[in-house]
Structure formats: C-alpha cells, structure tokens
Amino acid sequence: MTRTTKYLSLFSMILLAAILPWRNYAENPADTLKLKEFEVKSKYLYDNNCFKRVKIDSAILINHLNTDLSGILAQYTTIFIKSYGIGNLATPSFRGTTAQHTQVEWNGISLNSPMLGQVDLSQIPVSQFDGLEILYGAAGITRTSGAFGGVINLVTNPNWNNILNVLAMQSFGSFNTFTSNLNAAAGTGSFQSHTKFNYSVAANDFPYYNDLLKTTVRQQNSSYRLYGMSEELFWKLKDKHLFSIKFRFNHNDQNLPPTASNYDTHHQEKQKTQDLFAVIDYKYVEKKFSLLVRSAFADQKMNYSLDSSINDSHQYYQWINKIKFTYTGIRNFSIRPGIDFTCDQVNSDSYNGVKKRNTTSFCSEFIYDIGKKVKASLVIREDMIDSKFLPLVPALGVEYVPWKTIDLAFTMNMARNYRYPTLNDLYWTGSGNADLKPETNYAVEGGVNYKYTSGNRKFSVGASLAAYYSWIYQMITWSQVNGNAYLWKPENIDEIKARGIETGLNFSIEFLHFVIGNTSNYSFCRSTYEKASSAYDQKIGKQQIYIPVHTFNNTLTVERWKFYLNYNICYVSDRYTAKDNLTVMPGYSISNIIFGRNIALKKIVLSLQSQINNLFNLDYQSLVDRPMPGINYGITVKLALPGIQR
Amino acid sequence: MKEKYINSYKFLLFFSLLTLAALTHSCSKTPIREHKVDPPDTTHITSYANGIFVVNEGNYNWGNASVTFIDNKSNALIQDIFKKSNDRSLGDVAESMKIADNLGYLVVNNSNRIEVVSLSDFKSVTTITGLNSPRYLEIVDSTKAYVTNLQKDISIIDLHTNTVSGTIKTNGWTENLIKYDKYMLVTSIGTFSDPSSKRRAQIFVIDTQLDAIVDSIQTGKEPIGIVIDKKQKVWVLCSGGYDNYEAPSLIRINPELRLVEKIFTFSNPAEVPSRLCINPTADTLYFLKNGVCQMPVAAAVLPVQPMIASEGRLLYGLAVHPATGHIYVSDAKDYVQNGTVYQYNTSGSLLKQYTAGRIPGSFCFTRNSSK
C-alpha cells in the first residue's frame with residue numbers, strides 16, 4: 001500500500017508538473033510560515049463597542065505576505081474590490097459606496113491622497129503591516145469624517161518579548177514575477193526595532209483572448225517594479241510612556257496597459273509614484289487616563305505620462321497632528337476628547353499654482369455602561385476646513401450583551417456624516433468646481449455577533465450579522481461636459497440609497513491532529529440611484545454601476561503533518577455597467593489554492609510553498625475591457641530564524 | 001515516524017489529484033464579458049444602404065462604442081449593427097462616420113483605427129491603422145481622404161487600398177474639416193496637452209493637390225465646427241477653450257481672401273456652444289447651446305433663445321438631414337446609459353424619437369436617405 005501510494009503521488013506530481021508550463025509561476029504568490037505547528041488562533045476578532053469593527057490578525061496575513069492589500073480584502077472581507085488588472089489600480093467599495101468613501105490608514109495616518117481622495121490598494125504590500133482593522137460605516141467617525149463606507153487601518157505592533165526574529169523570502173511567479181522580502185525584528189523588553197524591505201518586479205505580460213482581434217495576445221505595457229522599506233522603533237518606559245517612530249517609503253514604477261479594445265504593442269503609459277510617511281507617537285498611560293500625541297509627515301510624488309502627449313507631475317505634502325485624551329475616572333463612563341490638525345499642500349501640473357488646505361477636527365467619544373448589559377457610545381466630530389465649519393458629524397451606538405457567559409452582542413447605531421470635496425474636485429485646471437458642496441450621508445445599522453471557544457481551545461466558532469440602510473445626498477460625480485468629450489467636471493449630482501446585509505461565519509477545529517479552519521463572508525448590497533438628471537433619465541431605482549448585489553468568499557484551511565492547504569473562492573454577482581441597468585458584466589467566481597510545507601532544519605525553518613491562482617482558468621474581466629490573467633502559478637521559498645524570545 | 005511519512009504522501013496525493021481535477025475542469029466556461037441585459041436584437045435587415053447611422057461614442061476606455069441604424073424602408077431601429085455583423089465590438093470612442101462609394105468609414109478615436117465596412121451588410125472590409133488618435137474623415141476625391149488627428153498630423157487615406165498613404169504634419173490637434181474648391185479647410189486647436197493660453201487656434205488651408213498646408217487663418221480658441229453656406233462663406237464655431245479661456249465665438253470667413261469677416265461673440269463663456277451644422281439649402285446654421293439654436297446666415301446677431309429647448313436633457317450630438325432638413329439631436333443623459341435620438345422638422349416640432357446606444361455623438365446619412 002505504501003509503495004503504491006508513493007508511486008501514485010509521485011506520478012500525479014509529475015503529471016501536474018508536466019501540465020504546468022515551467023515558465024509560469026504565480027502572480028502574487030502567498031506564503032505561509034508557521035513557526036509552531038498548529039498555530040491557529042482566533043483569526044477574526046470582533047470588538048464592536050456599539051459599532052462594527054473587524055480585525056484580521058497576523059495569523060491570516062502570514063499566509064499572504066507577498067500579495068497586496070486588495071487581495072486580502074477580496075478574499076477575507078465583504079469589501080468589493082474594483083480591479084483594473086493585476087498590479088494595476090485596485091480600489092475598495094464598502095457597502096455600496098465609492099473608493100473615496102473609504103479611508104485607508106497606516107498606524108492611524110491617512111494614506112488617502114488629498115488630491116484624489118482615494119488609495120490604490122495594489123500599491124500597499126501586505127508585508128508592510130502586522131494586522132488589519134476594519135471599521136464599517138459609522139465606526140469610522142471615531143477616526144475621520146467622510147468615510148461613509150468605512151476605514152481600513154493597517155497596524156504594526158511591537159512584540160516586547162522578542163529578542164531577534166529574521167525572515168527572508170523569495171517567490172517566483174508566472175509572467176516573470178519575482179518578489180523578495182526581508183523582515184528583521186530585534187530588541188529588548190523596553191525597546192524594539194522592526195525593519196522591513198520589499199521588492200517586487202513583474203513583466204505581467206499574461207496571455208488573454210482579445211475579442212476585438214479575435215485571437216490570444218499578451219498583455220502589453222503592464223510591467224511593474226515596486227520596492228519599499230519601513231523602519232519602526234518602539235521605546236517603552238516603565239509601562240507608562242511609549243514612544244514610537246515609524247517611517248515608510250515606497251517607490252512604484254508602473255506601466256499602464258491599454259484596454260483590450262485599444263490593444264497596441266507600442267502603447268506607452270506610465271505612472272511613477274514615490275511616497276514617504278513618517279510618524280512620531282508619544283503615549284502616556286495612567287490608571288484612569290491616557291494621552292496620545294502624534295505628529296506625522298507625508299510626501300507623495302506622482303508622475304503620469306501618456307506617449308508624448310501628457311507628462312504631468314503632482315506632489316503633495318501633509319502634516320498631520322493629533323492629540324487624544326482618554327479619561328475613565330468616572331464610574332461606568334469614559335470620555336475620549338481629541339483634536340486633529342492636518343495641513344495639505346499640493347503642487348500639481350494640473351492645478352493653477354500651489355493649493356493648500358487646513359483641516360481642524362474636534363472629536364469626542366462618550367462611552368457609558370448602562371448597567372452590565374447595555375453600553376452606549378456617542379461620537380461627535382466637528383470639522384473646520386480652513387476657517388469654515390462643516391455641520392456636526394454625530395454617531396450614536398448602543399450595544400446589548402444579554403448573557404454574562406455567552407459571547408453574544410447586539411448592536412445598533414445611527415450617524416450623520418459629511419465628505420468634503422477633494423482638491424482635484426476643487427482645483428483641477430479647467431474642471432475644478434469651487435462651488436461643490438460637501439456630500440451628506442445618513443446611516444443606520446444593526447448587528448449581532450457571536451463567538452464561542454471550547455474549554456480546550458480545540459474548537460472555536462464566530463458568527464456575525466449586520467444590516468444597514470444609508471442615504472448619500474449631493475454625491476460628487478465627474479461626468480463629461482456637454483459638448484466636450486475631453487472635459488470632465490465634478491458636480492453634486494447623484495443621490496444614492498444603499499442598504500444591505502453582511503454575514504460572516506468562521507470556525508476552527510482540531511481533531512485527529514488535523515487543524516481545519518473555515519471562514520465565509522457574504523454581503524447583499526442594493527445601492528440605487530435616487531435622483532434623475534432629467535425627466536428622460538432612466539436610472540432611478542437602478543443599481544449603482546460596478547456594485548455587485550451579492551459577494552461571497554470562503555477560505556478553507558487544512559493543516560496536518562506540517563503541510564498546509566488553503567483553498568479560497570471569491571464570488572461576485574453581476575455588476576451593471578450602465579446606470580439604466582441595460583448592460584451588465586456577468587458574475588464570476590475565482591478559486592485560488594495554496595499548498596506548502598514547513599521543514600524544520602537545525603536553527604532555521606524552511607518553508608516551501610506552491611500556489612495556483614484562478615484555478616479554473618476563467619477568462620474574465622472585472623472591469624469592462626480590462627483583461628485579467630487566467631490560471632497562474634507561484635513558488636515561494638522562505639527562511640526564518642525562529643524567533644528568539646525572552 | 002514512518003507512518004507519518006506515509007500520511008504525508010497520502011496528503012500529497014490528495015492535493016495533487018484535487019489540482020488535476022481542477023485543471024481538467026478548466027477552459028470550459030463562457031468568458032466573462034459585458035453584455036446587454038435584453039436578449040439580442042433579431043431584427044433582420046438585408047441592407048444598410050438606405051437609412052441613418054447613429055454613431056454612439058461609448059465611454060472612454062470602456063470599449064463600448066456602437067452604431068445604431070434607423071432603416072428608411074422598414075422604419076426598423078437596429079442597435080449595435082457593427083457587432084451584429086462582425087461578432088466583435090466596434091472599439092473605444094467612435095467619433096464619426098463618413099460614406100464613400102458603398103463603404104462606410106467609422107473613425108474610432110481611442111482605438112486609433114478606422115473600421116471600413118460595406119454598407120450592404122456592415123461587414124468589416126478592412127481596418128485602417130497607423131493613425132494618431134483620429135477624429136473626422138473627409139473625402140477629397142475618389143482616390144483619397146483626409147483624417148484629422150488629436151496628435152501630430154493629418155493622415156492621408158488611399159481610398160483604393162484603404163491604407164494611410166501619407167501625412168501632413170500639423171504638430172497638434174486637428175478637428176473638423178470641409179472641402180472648398182481644391183482646398184481642404186481644417187480646424188486646428190493646437191497642442192493637445194497645452195492649456196488654452198498656449199494653444200494656437202487656426203484654420204489650415206491645405207492644397208489637396210499638393211497635400212500641403214499653404215496658408216492659415218487665425219480663429220478664436222478651440223475651433224470645433226466648420227460649414228460652408230450658400231454664398232461660399234465659411235462659418236467656424238469656436239468654444240473659447242476647455243478651460244473657458246475666452247468667450248466662445250462664431251466667425252465668418254471669406255475663404256477666397258482667407259480673411260475673417262465677422263465675429264459673433266457669445267455673452268456667457270460658461271455656456272459653450274457646440275456641433276455647428278447647416279441646412280440643405282445652406283442658408284441656416286444650427287448649433288447646440290442650451291438646446292438647439294437656429295441662426296440664418298444673414299442674421300445680424302446670435303439667436304437669443306434656442307428653437308428647441310433642452311428641457312433638462314443633455315443634448316450632445318446634432319445633425320441636419322442633407323435632404324429633408326430635419327434636425328436630429330441626441331440626448332446622452334448622464335453618459336452612463338443608453339441615449340435617445342430626437343427627430344424634429346425644420347420648424348422644431350418633434351416627429352419621432354429613437355433609442356440609441358451609449359453617448360450618441362454623431363450621425364451619418366446614406367445618400368438616398370430621405371427620411
């Protein structure tokens with residue numbers, strides 16, 4: 001039996017190898033390194049505090065260190081990712097809102113460009129952060145105004161027990177994709193240093209069937225090179241004072257491919273981005289109060305060129321300051337007042353002169369425990385842009401925990417929110433519209449969360465359900481100017497009503513030395529136009545374009561004999577491409593599989609991993625006319641010095 | 001220990017078989033592509049030689065340009081005839097269409113090509129490439145045509161081979177063009193990437209026998225439309241610049257003397273006129289500005305009110321039927337849904353309306369079209 005099994009497995013591996021073209025390896029190979037066998041902890045942490053907050057911890061991220069943020073969000077959350085192709089612009093859509101309604105933060109500092117108001121998730125490597133915190137809807141008001149969809153916070157945390165931990169990783173993928181990472185953490189019980197380097201390069205010239213040319217061609221002008229580093233220093237003094245300095249640098253040279261209809265072997269379109277973020281934090285912690293003082297600086301340069309016709313440079317600087325005080329000295333009551341001050345300065349070829357904006361934001365959270373079962377939270381935010389006050393942004397939430405011993409919580413909240421126009425909306429030459437009003441959002445939400453972990457910790461389950469209803473008024477929409485196809489202008493045109501349900505279910509079980517985990521997420525979202533541009537406009541009550549009604553993802557992980565298998569499937573339903581809902585991109589599901597093994601050598605842990613993306617080789621487009629790669633492969637080799645811990 | 005390895009092989013086998021199963025399952029799915037929600041139009045037409053083509057630009061970079069056909073004989077309305085006849089999409093941003101002999105020339109701007117189709121069945125005859133972001137095509141004679149481009153030059157098309165046979169260097173964006181005597185008058189906007197202040201707006205006078213620019217006439221910023229009236233005067237509509245650099249203007253040029261004779265300046269720079277057309281008797285101008293405006297060539301002032309009010313519609317394309325003088329105007333709505341084409345008679349009464357494709361921008365009438 002043993003011999004037969006061996007030969008069968010060998011044969012099937014050879015057959016597999018023969019089928020997989022040797023030149024092709026994975027696009028974004030993920031990798032896994034488990035320093036201890038069966039190190040599966042709670043992967044999803046719910047910390048609602050009256051609002052919906054979800055954390056994705058490093059146990060999930062460690063499997064995907066070579067991907068970018070968009071891949072993680074698509075596979076593990078209900079956030080819909082609008083992708084222009086691998087390595088190309090990827091933007092999030094929460095709860096039927098647009099990318100500009102999502103704020104992405106790194107250690108509490110906004111990464112959203114003040115020019116465009118959004119973030120390209122494809123430019124954020126997962127290797128640069130340790131955990132993800134997602135604040136849905138009104139939960140985001142504790143951080144900022146204007147994030148109607150929510151806030152995604154990328155967190156890095158020190159491990160005070162660490163003495164030395166080094167990780168080196170190299171992966172090879174299809175279409176000449178190479179990714180290298182080097183992470184080192186060293187320190188003492190009061191001082192920690194984290195240093196991370198990442199480098200990715202890809203030809204990204206995947207083959208696809210071009211409908212216009214009726215033949216299979218290779219994607220043109222799609223290569224990219226991305227490198228970056230981050231350094232974080234943490235210093236703790238008597239458990240009362242915590243200083244940290246964090247620094248993050250990224251450089252991205254990206255060729256932008258033509259659409260399938262505009263296939264051109266001579267296409268030349270490039271974007272170069274270079275950004276630097278630096279943040280210094282001081283936290284003082286006493287028994288009944290704490291104080292956070294933060295100052296940060298951001299500098300982003302971007303150059304865009306198209307053939308010889310366009311060559312524009314843009315640069316922005318941001319100076320971000322925050323003071324937040326938390327007081328818990330009153331029984332059952334805590335208060336968290338704070339003030340943020342942000343100064344934006346933009347120097348762009350597309351603006352007439354340098355543009356500046358100062359935003360001062362006063363915010364306070366009041367949390368009151370009404371008895372042992374009910375908690376109420378009130379968040380009030382008041383923004384002042386330059387010297388003009390915006391209307392008040394309030395959020396009120398209630399949480400009810402009926403049983404002491406059962407981890408079950410019901411939440412309900414409501415909020416009003418505003419989003420101020422971006423600097424591009426206001427100042428883009430020829431298009432900028434100084435008369436734009438802020439967008440307004442009203443939202444209500446209710447949810448329930450349940451968690452259970454068995455006494456021996458071998459079984460755990462978590463489930464969540466949230467339902468929301470939200471209205472956006474005076475939504476800013478860019479559209480072509482009448483009579484001039486080349487000129488677009490932003491206006492407060494649309495009114496959107498979004499409502500939906502989000503569910504999550506995850507479990508983890510250990511039996512017969514197997515560790516099996518499964519996480520599923522499903523979202524139902526109806527996001528409809530509620531205002532017509534004229535009596536002839538057909539869009540009232542129709543689903544917003546590119547917002548799927550259903551999204552679902554499921555990830556199954558199986559671990560045994562130091563092997564691990566991770567099978568992920570993501571489904572998005574039909575997405576309309578016309579506001580009258582007469583044209584549609586059909587729904588699809590994509591499967592990805594990761595298989596690997598950890599090998600313990602004397603002082604080093606060697607990990608070998610293979611990955612197959614788009615397992616069923618689906619010929620698909622996520623956005624009209626933007627081809628996506630078919631089946632592709634990856635191999636990752638990882639070497640780790642197991643952490644020396646005190 | 002040995003048992004553990006055996007189990008490892010089992011697991012490996014399981015995984016390999018799973019992957020093999022997945023691979024053999026592949027390649028059988030229908031490609032995920034944009035399509036219409038309604039079932040395909042099955043209206044059968046034997047020929048496209050008698051009717052009106054509505055050229056729907058489609059959204060920039062979405063590759064959803066199309067052509068809607070209004071058949072004169074059967075009164076049928078057929079959507080997306082290019083795709084129907086050729087089983088592929090037309091491309092990205094179809095700017096205009098022109099007919100020469102029994103061939104249709106569809107200028108697809110962002111796909112940087114001209115699709116040449118037979119008018120009998122709308123099947124592709126050939127595709128002209130080697131252009132520089134083409135805009136409009138005008139026939140010079142039975143042997144050649146000129147195509148304006150957003151960049152660099154004007155392309156000369158050999159109508160026998162349907163290839164680019166040469167270029168006339170312009171160093172910038174040329175837009176509309178019209179034949180006058182042995183000359184082609186071409187509106188030139190300037191360098192595409194420059195702001196209006198730096199752009200040099202002019203009319204190029206091209207000697208079609210020499211294929212060379214022999215003269216130029218300065219105009220207001222962004223000359224986008226050009227027509228000739230019954231007295232052989234040339235009318236040019238200037239938008240004033242995309243950044244509202246100056247007030248829009250309508251100018252009259254004496255092509256013989258190559259002199260600007262008259263300038264009508266629009267009072268509100270923010271209200272940009274577009275789509276200059278002329279009626280079959282060449283005595284009345286039409287253009288879009290808050291609706292469809294009508295202006296006799298002999299008028300002393302610009303029209304105050306539009307003859308057809310926009311009534312909240314986003315009027316985008318305009319054409320006057322060369323035989324009937326009927327006015328065809330399109331509503332692009334909010335650019336992200338199907339547009340509508342309205343047909344008015346010469347006095348501005350609505351006759352009919354037709355559903356079109358995405359962003360109907362221009363029209364092309366067959367020679368015997370008399371609808």
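Where is the place of A:W235 in chain A? I looked this up and found A:W235 in strand 14 of chain A, with helices (H or I, at least four residues) and strands (E, at least two) taken as DSSP runs numbered from the N terminus.

Before going on, I note that this is a predicted model, in which local features need pLDDT of at least 70, side-chain atom pairs count only at pLDDT 80 or more, and totals for chains, interfaces and linings use all residues. Residues are numbered from 1 along each chain as its sequence is written, chains are lettered from A and ligands numbered from 1 in the order in which they are written, and side-chain values use heavy atoms, with hydrogens and water left out.

**Entry: the nonpolar patch**

I checked the cover of A:W235 and found a relative accessible area of 39%, so the residue is partly exposed (buried is under 20%, exposed over 50%, partly exposed in between, with a 1.4 Å probe and protein chains only). A:W235 belongs to a nonpolar surface patch of about 580 Å², together with A:F191, A:L233, A:L237, A:F243, A:I245 and A:I280. Strand 14 (224–237) and strand 15 (241–255) of chain A are the elements that give two or more residues to this patch, and strand 14 gives the most, with three. Patch members have over 30% relative accessible area and no salt bridge, like charges being joined within 9 Å and nonpolar side chains (Val, Leu, Ile, Met, Phe, Trp, Tyr) within 5 Å; the areas come from the Shrake-Rupley method with a 1.4 Å probe.

**Entry: salt bridges**

I then turned to salt bridges (a side-chain nitrogen of Lys or Arg within 4 Å of a carboxyl oxygen of Asp or Glu), for which the count over all chains is 39.

A:E133 lies in strand 7 (residues 131–136) and A:R143 in the loop between strand 7 and strand 8 (150–155), so the pair ties together parts ten residues apart in sequence. A:E133 is buried at 13% relative accessibility, whereas A:R143 is partly exposed at 24%.

Which residue of chain A forms a salt bridge with B:D334? The partner is A:K539, with the closest N and O atoms 2.9 Å apart. Because B:D334 lies in a loop of chain B and A:K539 in a loop of chain A, the pair joins two chains.
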